[in-house]
Amino acid sequence: MSSTVNAIAATSTTDPLVRTTIERREVGPRDVLIEISYAGICHSDIHTVRGEWGRVPYPLTVGHEIVGHVTQVGTEVTRHAAGDRVGVGCMVNSCRECDNCRAGQEQYCLNGNTGTYAAVDRDGTVTQGGYSTHIVVDEDFVLRVPASIPLEAAAPLLCAGITTYSPLAHWQAGPGKKVAVVGMGGLGHMAVKIAAAMGAEVTVLSQTLGKKDDGLAFGAAHYHATSDPDTFDRLANSFDLIINTVSAPVDMASYLRLLRLDGTLVAVGAPPEPLPVQVFTLFGNRRSFAGSSIGGIAETQEMLDFCAEHGIASEVEVIDADAVNEAYDRVLKSDVRYRFVIDVDTLR
Ligand code: NAP
Ligand code: ZN
Ligand code: ZN
C-alpha cells in the first residue's frame, strides 16, 4: 500500500513553500523505505521551484540531499537492511542499459536519468524529493553513509559533495595541481575541502574577502576577491583547473584567461542564461571549457568513503522546516555558511 507522508511543497514560481502531504509508493521487491532525518537545500532546488529551468509540475516537493535510516526493505533487496544509515542524491533511477549507464555514469543516462524530484517515475507519477519525512527508492540508487560522518553534515555530500568531487577526480586534482574554486557557497566550500584533501593547491575566488578565514580553514592556500580587478591580472595563466560553482552568469573570458597551458574551466554552476565564450580565448594556452553533472552511483559511494577517510563533511546550518523560505532568501543573497539543512523531525 502507498502511504501519505508529511512534506513541504512549492505551489508556484513566487509563493512561499508550504506544508503539505505527498504519496509514497508501496515498497516494491527492490525498494528501500527511508525515514529521512535531514535534507539539504541546494541552489538547484531554488532554480527549480522558481521556474528558472523550465516548467514545473506543481505542487512539487524538492530536495536531493537526503539522509536517514532504512526502516523497511523489499523482498529482493540485498544491499541495505533496516537500521542502516543511508543517503539519496539527485537520481533515483536510470535506464541501466545505455552505454553511459553500463559505464557507471548513470547521471549521463542516454535515456535520461530519473531525477529525485520533478521527473516522471517508472510508475508514471512525478517524483517528489527529500523535504519530506519518508522516501521509497530502488536499492541501487541508495548510498551507504559512513558511520564517522554526522548525518546532518553528510546530507549535502549527496549533491554538493559529488558534484565537486566528480570533476576534481576526473581532471585529476592532486599534488602539483593548482585548482581555483569560483564561489564559496554550498558546492564551493565542498570543492575547497575535497580539492585540498586530494592534495591540490587551492585558491578561492569569491566576490569579497568576507569568508577568507573560513576558506583557509577549509584547506585553501590562497583567497582572492573577484570584486578587485587586480585579481584577474595577478592570477592570469596560473591554474590547471577552475571549478565554477556560481549560480549566476559571470564573464567567462575573465576566468578562462586564468588557465595555464592545457588548463580546464569546468562549469558546475547552472544559471539559466547562456555563458558566451569567444573561441580566441580558448586558443590561448589550448584552454578547455567543460561542464560536469553530479556523479555516478559508484562514484558517489567513493566520494562518501573519501570524505570519511579524510575527516571532511559539509559545514551546515540546521533549520526547522518552517524556516525554509527564509533560508531560500539567504541563499539568494550569498548569505549561507555553507549549507542549510532541514531537520526533518520538525516535519513529523
Ligand atoms: P550557493 O550555495 O548559492 O553558492 C553559489 C555561490 O556563488 C555563492 O555563495 C556566491 O559565492 C557565488 N555567487 C552567487 N551569486 C553570484 C553572482 N551574481 N556573481 C558572482 N558570484 C556569485 O549555490 P550551490 O547550491 O552551491 O549551487 C551553485 C550552482 O551549482 C547552482 O547554479 C546550482 O544549480 C548548480 N548545481 C549544479 C550541479 C551540477 O550537477 N552541475 C549540481 C548541484 C548544483 P561567494 O559569496 O563566495 O562569491
Ligand atoms: Zn543539488
Ligand atoms: Zn541509461
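The structure is a predicted model. The chain is divided into domain 1, made of residues 3-159 together with 314-347, and domain 2, made of residues 161-291. One zinc ion (ligand 2) is held by Cys 42, His 64 and Cys 159, while another zinc ion (ligand 3) has Cys 95, Cys 98, Cys 101 and Cys 109 as its protein donors.

**Zinc ion (ligand 2)**

- The atoms that coordinate the zinc ion (ligand 2) are SG of Cys 42, NE2 of His 64 and SG of Cys 159, at distances of 2.0 to 2.3 Å.
- Along the chain, the donors of this zinc ion (ligand 2) are spaced as C-x21-H-x94-C, and because His 64 lies in the loop between helix H1 (43-49) and strand E4 (66-73) whereas Cys 159 lies in the loop between helix H3 (151-154) and helix H4 (160-170), the pair ties together parts that are 95 residues apart in sequence.
- His 64 is buried, with a relative accessible area of 7%, and Cys 159 is also buried, with a value of 4%, both being under the 20% that sets the limit for a buried residue.

**Zinc ion (ligand 3)**

- The SG atoms of Cys 95, Cys 98, Cys 101 and Cys 109 lie 2.3 to 2.4 Å from the zinc ion (ligand 3), and the angles among the 4 donor atoms run from 103 to 121°, which makes the site tetrahedral.
- For comparison, the ideal angle for four tetrahedral donors at a metal is 109.5 degrees.
- The donors of the zinc ion (ligand 3) follow the spacing C-x2-C-x2-C-x7-C; since Cys 95 is in the loop between strand E6 (91-93) and helix H2 (99-102), and Cys 109 is in the loop between H2 and strand E7 (114-115), the pair ties together parts that are 14 residues apart in sequence.
- Cys 95 is partly exposed, at 23% relative accessible area, whereas Cys 109 is buried, at 8%.

**Domains and their interface**

- The centres of domain 1 and domain 2, taken over C-alpha atoms, are separated by 27 Å, and the contact involves 14 residues from domain 1 and 17 residues from domain 2.
- About 1,400 Å² is buried between domain 1 and domain 2, with carbon and sulfur atoms giving 53% of that area.
- The rule finds 1 salt bridge across the interface of domain 1 and domain 2.
- Glu 315 and Lys 193 form a salt bridge through their side chains, with an N to O distance of 2.5 Å.

**Helix H4**

- Helix H4 is mostly covered, with 9 of its 11 residues buried, among them Ala 160, Gly 161, Ile 162 and Tyr 165.
- The cover over the buried residues of H4 includes strand E10 (178-182), helix H5 (186-198), strand E13 (239-244), strand E14 (259-267), helix H10 (297-310) and strand E17 (339-343).
- Gln 172, which comes just after H4, takes a positive phi of about 55°.

**Val 86 and its surroundings**

- Val 86 belongs to strand E5 (residues 85-88) and counts as buried at 1% relative accessibility.
- When residues up to four places away in sequence are not counted, the residues that Val 86 touches include Ile 34, Ile 66, Val 67, Val 70, Val 142, Leu 143 and Val 145.
- Val 86 and Val 142 are 56 residues apart in sequence, and their C-alpha atoms are 6.5 Å apart in space.

How values were computed:
Residues numbered from 1 in each chain as written. Chains lettered and ligands numbered in written order. Predicted model: local features only at pLDDT ≥ 70, side-chain atom pairs only at ≥ 80, totals over all residues. Heavy atoms only, no water. Donors = N, O, S within 2.8 Å, 3.2 Å for Na, K, Ca; no water. Helix = DSSP H or I, 4+ residues; strand = E, 2+ residues; numbered from the N terminus. Buried < 20%, exposed > 50% of the residue type's maximum accessible area, 1.4 Å probe, protein only. Tetrahedral: all angles 85-135°; square planar, octahedral: opposite > 155°, others 65-115°. Domains from an automatic or database assignment. Contact = heavy atoms within 4.5 Å. Buried area = accessible area lost by both parts, 1.4 Å probe. Salt bridge = Lys/Arg side-chain N within 4 Å of Asp/Glu carboxyl O.
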